[in-house]
Amino acid sequence: MMDFSSAQKYLLSKNQAVQTFPQDPNVGVYKVCHKMFATLTSGVAFARINLKCDPDLALELRAQYDAVQPGYQMNKKHWNTVIFDGSISDEEIYEMIDHSYNLIVSNLLDHERERLLKNG
């Protein structure tokens, strides 16, 4: 079952991902080229992650899984909150993380994306 530590390790494995704790030591913010692609929260009954998502896919995932909800304290059209309650496979959560990261990378400025890909 996905947990905070496993998710944190996977998030940081993404090319040039960095982690900060700007407001709360229980909420990690994950960025690539200064653009956020995830937040990861511990210190609650179940760890949870906020992930950027294509709006149509976001709705599909919410309909498919009770543990996928509109993004907590985020733009609910473009972000989902995924609760690590064991109802979603690790592989599916990894795919959601990849999708979020790739959305951010695809929207980087050309020179940022080229530098990222060159250094990856």
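In which type of crossing, left-handed or right-handed, does α1 pass α3? The crossing is right-handed. The structure discussed here is a predicted model.

## Packing of α1 and α3

Two packed helices are described by the angle between their axes and the distance between the axes. For α1 and α3, the angle is about 35 degrees, and the axes lie 11 Å apart.

On the α1 side, the contact is made by S6, Y10 and L11. The α3 side supplies Y94, I97 and D98. Sorted by class, the residues in this contact are four nonpolar, one polar and one charged.

## The largest nonpolar core

The largest nonpolar core has 31 residues. Among its members, F37, I49, V82 and F84 touch the most other members. Helices and strands both contribute: α1 (4-13), α2 (55-64) and α3 (90-106) each supply at least two residues, as do β2 (27-32), β3 (35-41) and β4 (48-52). The largest share comes from α3, with six residues.

## Contacts of F84

F84 is one of the core residues that touch the most other members. Leaving aside residues up to four places away in sequence, F84 touches M1, M2, D3, F4, A7, L40, F46, A47, I49 and I93. One of these, I49, is also among the core residues with the most contacts to other members.

## Cysteines

How many disulfides does a search of the whole structure find? The search finds zero.

C33 counts as buried because its relative accessibility is 12%, which is under 20%. C53 also counts as buried, because its relative accessibility is 4%.

Terms used:
Residues are numbered from 1 along each chain as its sequence is written. This is a predicted model: local features need pLDDT of at least 70, side-chain atom pairs count only at pLDDT 80 or more; totals for chains, interfaces and linings use all residues. Side-chain values use heavy atoms; hydrogens and water are left out. A nonpolar core is a set of buried Ala, Val, Leu, Ile, Met, Phe, Trp, Tyr and Cys residues joined through side-chain atoms within 4.5 Å. Buried means under 20% relative accessible area, exposed over 50%, partly exposed in between (1.4 Å probe, protein chains only). Helices (H or I, at least four residues) and strands (E, at least two) are DSSP runs, numbered from the N terminus. Contact means heavy atoms within 4.5 Å. Axes are lines fitted to C-alpha atoms, for helices over the stretch in contact, and angles run from 0 to 180 degrees between N-to-C directions. A crossing is left-handed if the near helix is turned anticlockwise from the far one by less than a right angle, and right-handed if clockwise. Ala, Val, Leu, Ile, Met, Phe, Trp, Tyr, Cys and Pro count as nonpolar, Asp, Glu, Lys and Arg as charged, and the others, Gly among them, as polar. A disulfide is a pair of cysteine sulfur atoms within 2.5 Å.
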